[in-house]
Amino acid sequence: MTIPANRSVLNTTVLSNFAYIDQLWVVADLSGICTVPVVREELEHGVDDHPYLQSALDTLDDEIPVATISDTVANREAVVSDHLDPGEAQAFALVDAADGRLLTDDGDARSFAKDRGVTVVGSVGVLLAAIDAGKIDEPTADEWLSTWIDEMGYYVPYQSISEYR
């Protein structure tokens, strides 16, 4: 599958948040969206304990492409694997090689990527982009954010989308 050069590479955290609220179309509609093979593996390992992850697995390939990892990306992944978990390492390596953006909510991965000049977007940033694109309204985004906070233990500094503006 051809992956656009301006990749938006999904990590498990963002993908699982949108799977939890059954709104994967929001991330699937992002420009240049893809994920990496290790994220598929993480979802497969987590689906028994978190059945909602099955919907994320079902979107892979058709709606959210899974990138093929080149030798260059694999070498970069090996270098950063001492600093990041496997999914974050592979996603970061792909983004770093393609000058894309990393979609993750993992604090360590976000800091690591930002320190290296990589653009990082989290679940809240995806909500904001969906609002700006006219795909959802602010009350809907607030409802989804509240669900993540109340039911998943999602931590963010603000509990209302308007506070991020």
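The second largest pocket in this predicted model is lined by T13, N17, D105, M152, G153, Y154, Y155 and P157. A pocket is an open set of points on a 1 Å grid over the protein atoms alone, where a 1.4 Å probe fits, with protein on both sides within 12 Å along at least five of seven lines; lining residues have an atom within 4 Å of a point. Residues are numbered from 1 along each chain as its sequence is written. Local features need pLDDT of at least 70, side-chain atom pairs count only at pLDDT 80 or more, totals for chains, interfaces and linings use all residues, and side-chain values use heavy atoms, without hydrogens and water.

- The largest pocket holds about 230 Å³ of space.
- Of the 14 residues lining the largest pocket, D105, R110, V124, Y154 and V156 are the closest to its centre.
- Helix α8 gives the most to the lining of the largest pocket, with four residues.

**Helix packing**
- Helix α1 (residues 12–20) packs against helix α9 (residues 138–152) at an angle of about 100 degrees, with axes 10 Å apart; helices are DSSP runs of H or I, at least four residues, numbered from the N terminus.
- Axes are lines fitted to C-alpha atoms over the stretch in contact, and angles run from 0 to 180 degrees between N-to-C directions.
- The angle makes α1 roughly perpendicular to α9 (65 to 115 degrees).
- In contact (heavy atoms within 4.5 Å) are S16, N17, F18 and Y20 of α1 with W144, T147, W148, E151 and M152 of α9.

Technical notes
Helix = DSSP H or I, 4+ residues; strand = E, 2+ residues; numbered from the N terminus. Parallel < 35°, antiparallel > 145°, perpendicular 65-115°, else oblique. Points joined across faces, edges and corners; volume = space filled by probe spheres on them.
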